[in-house]
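Subject: Structure for you to look at

Dear colleague,

Please find the structure below, followed by some notes on what was found in it. I would be glad if you kept the model open while reading.

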Amino acid sequence: MSKLSILVVEDEDAIRDMLVMVLEQAGFEVTEVASAEKAQMGLSHNTPDLILLDWMLPGISGIEFARRLKKDDAFRDIPIILLTARGEEEDKVRGLEIGADDYVTKPFSPKELVARINAVMRRSGKTSDARQIKLGDLLLDTEQHRLTIEGKGLDVSPTEFRLVHFFMMNPDKVYSRTQLLDQVWGRSVYIEERTVDVHIRRLRKILSEYGREEMVQTVRGFGYRFSVSS
Ligand code: CA
């Protein structure tokens, strides 16, 4: 699976280097530029999944660049997180008003930044090929095709892996057997609804080895829900 890409626009070398390191470690593919002008030039041949944009830039400012992108049909769907040293509420409102998707104030912890990026990616529907998804202490790695609890690998079949992947992307929501068949097996395949029950049972059994069987919840008369809270 391909990595999600982030374009970092930041004029301060030290901060830019730090961002690149943090984001690469978090599994993203990172492109970096030092100005909005350079970002603009690169965008025409390479569209990132998200732009991390510093507010204070020489030349075109971050906020102005974000405003332009959000007005442009070709680029308005790229999520933008504004990065700023200014913590005033008014700035935050201004940033969000022009269409930025989120706002992170310097100094920030790498963990916080990555969490905000993941949240924005998720809201923009970009997590389908994010490398790692975490729910409670369950961790799914789409690149290694591995599902673990507290570092211990779970022995799931490819179908169960897809099922858990779908559930982890959509926690706490109830899905009928038909919806699960459509989403996990695909519309074009004809499979009986009871197949879903078979895989759910197996998944529960595997999770029960770790005392997590309650993550797969039966909603009587409707279907199933996956949740860390029972
Ligand atoms: Ca700056």
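At what angle do helix H6 and helix H7 pack, and how far apart are their axes? Before the reply, please bear in mind that this is a predicted model, in which local features need pLDDT of at least 70 and side-chain atom pairs count only at pLDDT 80 or more, while totals for chains, interfaces and linings use all residues. Residues are numbered from 1 along each chain as its sequence is written, and side-chain values use heavy atoms, with hydrogens and water left out.

Helix H6 (residues 158–169) and helix H7 (residues 177–185) pack at about 110°, their axes being 10 Å apart; axes here are lines fitted to C-alpha atoms, for helices over the stretch in contact, and angles run from 0 to 180 degrees between N-to-C directions. H6 is therefore roughly perpendicular to H7, a term that covers 65 to 115 degrees, with under 35 being roughly parallel, over 145 roughly antiparallel and the rest oblique. Helices (H or I, at least four residues) and strands (E, at least two) are DSSP runs, numbered from the N terminus.

On the H6 side, Thr159, Arg162, Leu163, Phe166 and Phe167 meet Leu180, Gln183, Val184 and Trp185 of H7, where contact means heavy atoms within 4.5 Å. H7 also packs with helix H8 (residues 193–208), at an angle of about 80° and with the axes 9 Å apart, which makes H7 roughly perpendicular to H8. In that contact, Arg177, Thr178, Leu180, Leu181 and Trp185 of H7 meet Glu193, Thr195, Val196, Asp197 and His199 of H8.

Turning to the rings, the count comes to 4 aromatic pairs, a pair being rings of Phe, Tyr and Trp (its six-membered ring) with centres within 6.5 Å, called stacked with planes under 30 degrees apart, edge-to-face over 60 and tilted for the rest. Trp55 and Tyr103 are edge-to-face, because their ring centres are 6.3 Å apart and their planes lie at 85°. Since Trp55 lies in the loop between strand E3 (50–54) and helix H3 (62–71), and Tyr103 in strand E5 (residues 102–105), the pair ties together parts that are 48 residues apart in sequence. Trp55 is buried at a relative accessible area of 3%, and Tyr103 is buried at 4% (buried means under 20%, exposed over 50%, partly exposed in between, with a 1.4 Å probe and protein chains only).

Phe166 and Phe167 form a tilted pair, 6.4 Å centre to centre with 45° between the planes, and together with Tyr175 and Phe226 they form one aromatic cluster.
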